[in-house]
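Hi everyone, thanks for coming. I'd like to walk you through one structure this morning, so please have a look at the screen.

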Amino acid sequence: MFMRKEVDKTRIWKKLEKHCKSFRKVEMRDLFQKNPQRAEKFRLNLENMTVDYSKNRITERTMKYLLTLAKERHVAEKIEEMFTGEKINITENRAVLHIALRNRSKDPIYVDGKNVMPEIEAVLAKMRHFSEAVRLGTFKGHTGKKLTNIVNIGIGGSDLGPKMALEALKKYWAKDMNVYFISNIDGTACAEVLNKIDPETTLFIVSSKTFTTIETLTNAKTCRKWLVDALGEHAVAKHFVAVSTNKKEVEKFGIDPENMFEFWDFVGGRYSMWSAIGLSIALVVGMDNFEKMLDGAYAMDKHFRNAPLAENIPVILALLGVWYNDFFGMKTQAVIPYDQYLQYLPAYLQQLDMESNGKFVSLDNKYIKYATAPVLFGGAGTDVQHSFFQMMHQGTSVVPCDFIVPAISHNEIGNHHEILLANVLAQGEALMRGKTVKEAAAELKKAGKTPEEIKFLKKFKSFEGNRPSNTIVVKKVDPYSLGMLVAMYEHKVFVEGVIWNINSFDQMGVELGKQMALSILPELQNSASGILHDSSTNALINLIKKLRN
Ligand code: F6P
């Protein structure tokens, strides 16, 4: 195996560490004052998307060093490796080709000497044919009724993408259609959906890359039984389809391979909403809109592959991520979309970022000493301003933040959207600028407070500021801009992984818990598993059994 110097041992890393120390006394508000061109300098555009990254603790020198880091870690070459189907997922010996799913040029992409594009195109055509037939009512349910309730059964990457995208694109839904998601093994997830729907008008999509995931298979079996109880075994063919890479397991489950939409092992679960995993999206918003989403992602892909590193949106966002996480020790990242329809984006990005980069072994098979994936969290603004923003402004940890801002709302009611916009712009400015103790005291004085009150309150009312944020503006949240946004984050996460020298495309860290659950299950059902647990787990098993009796 080709070994390189670990990234944190390189000269450029050391240089960045030293450079970071020089920021102790640097205030962003001063940087803005000194350089009236700062906003322009640190801004990137792609079509209708603008990324303002000027409210960061950076100077031109910082960017120069960070770009040197990217160059030395061969980011450009790694991007090329991904786009050309190299097996960069080395622990699973797989290519990583979610970009092929939206390769709108249809230019060939080879894996093991085979062009994958014809198969991808064939599945897209099958999705179009099927979704149009369901939407037009030519593909009907067993009793001849139109299928208007779509239920996606899947978890993780087989759930979060379609769920997020369908919420984001609510304005594009067919008027007579409804969509539901069952992911959790908690029976409540199933029960709540089944209580709302009518078997005659329901289409279940069992979405699972592996088709072995216990949650999805258990939920699918429950839904299948519910349908068969209502309409009989023959109804399954008209009410169940599967999306998977595992034809054998799909057949074993009792779904005709004719009703299966295929995808491939070169598509990671959390990167799969562009594949047939997005079938629910195509059904509800139409295949044309689904393809517009692919077009948007493709625009970002082309930019990512071709733009120089210094002008490359995902690369710059990734370098800023590394800058804060590894040099300032800021181990969290907030994503705050100021759009109700994007409310599930943070949950989606949580899997994308933390499942991809939450790794502690490098590609060179060594334990890593530097920080990798941050803790990502978020929620829709302005709601979150009234929950965790207190901590963002005055907490002892600094949380770098991405604000996502659509200039135009789908619901321009009264002045709602202007108030929303004013809020997001204010948050970015407030986090950056802060309010000194002196400024707070002056304000208190103006408000008529006594000197004692001022003395007591001025620190509480101050804001240290200098808190970084990116502001990502799109014209409107539509299928195209959504595609751009999601692809932007996918590539950001990839570049961070390249810098950290990790494999962003496996997820072995989820296995241990799954394994242990399988050993605890028989014990809850009163048969011994033969596995010895610790005293806490044993006591909890016994307590729960007692409570259930
Ligand atoms: O448990 C993690 C995971 O493997 C994710 O990576 C994946 O998105 C999810 O489970 C669902 O897997 P599948 O699509 O194979 O059911």
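Predicted model: local features only at pLDDT ≥ 70, side-chain atom pairs only at ≥ 80, totals over all residues.

**A walk through the model**

D229 sits in helix α10, which covers residues 214-231.

Now let's zoom out to the chain. There are 23 helices and 13 strands in it. The radius of gyration is 25 Å, close to the 24 Å that the globule rule gives for 549 residues, so the chain is as compact as a globular protein of that length. If you box the C-alpha atoms along the principal axes, you get roughly 80 × 60 × 55 Å. Of the 549 residues, 52% are buried. And if you take the contacts with a separation of 6 or more, 75% of them are between residues 24 or more positions apart.

Next, a pair of helices. Two packed helices are described by the angle between their axes and the distance between the axes. Our pair is α15, residues 313-328, and α21, residues 479-500; their axes come within 8 Å and cross at roughly 50°. That angle makes α15 oblique to α21. The crossing is right-handed.

So which residues of α15 and α21 meet? On the α15 side we have I313, P314, V315, L317, A318, L319, G321, V322, N325 and D326. On the α21 side, they meet M488, H491, K492, V495, E496, I499 and W500. Sorted by type, this contact has eleven nonpolar, three polar and three charged residues.

Last stop: some backbone details in the loops. Where is the cis peptide bond I'd like to show you? It joins G381 and T382, with omega at about 10°. T382 is in the loop between β11 (375-378) and α17 (389-394).

H74 has phi near 60°, and it lies in the loop between α4 (60-72) and α5 (75-83). With 35% relative accessibility, H74 counts as partly exposed. N93 has a positive phi too, about 50°, and belongs to the loop between α5 and α6 (98-101). N93 is exposed, at a relative accessible area of 53%.

Note on methods: Residues numbered from 1 in each chain as written. Heavy atoms only, no water. Axes fitted to C-alpha atoms, helices over the stretch in contact; angles between N-to-C directions. Helix = DSSP H or I, 4+ residues; strand = E, 2+ residues; numbered from the N terminus. Parallel < 35°, antiparallel > 145°, perpendicular 65-115°, else oblique. Left-handed = near helix turned anticlockwise from the far one by under 90°. Contact = heavy atoms within 4.5 Å. Nonpolar A, V, L, I, M, F, W, Y, C, P; charged D, E, K, R; others polar. Rg over C-alpha atoms; globule rule 2.2 N^0.38 Å. Buried < 20%, exposed > 50% of the residue type's maximum accessible area, 1.4 Å probe, protein only.
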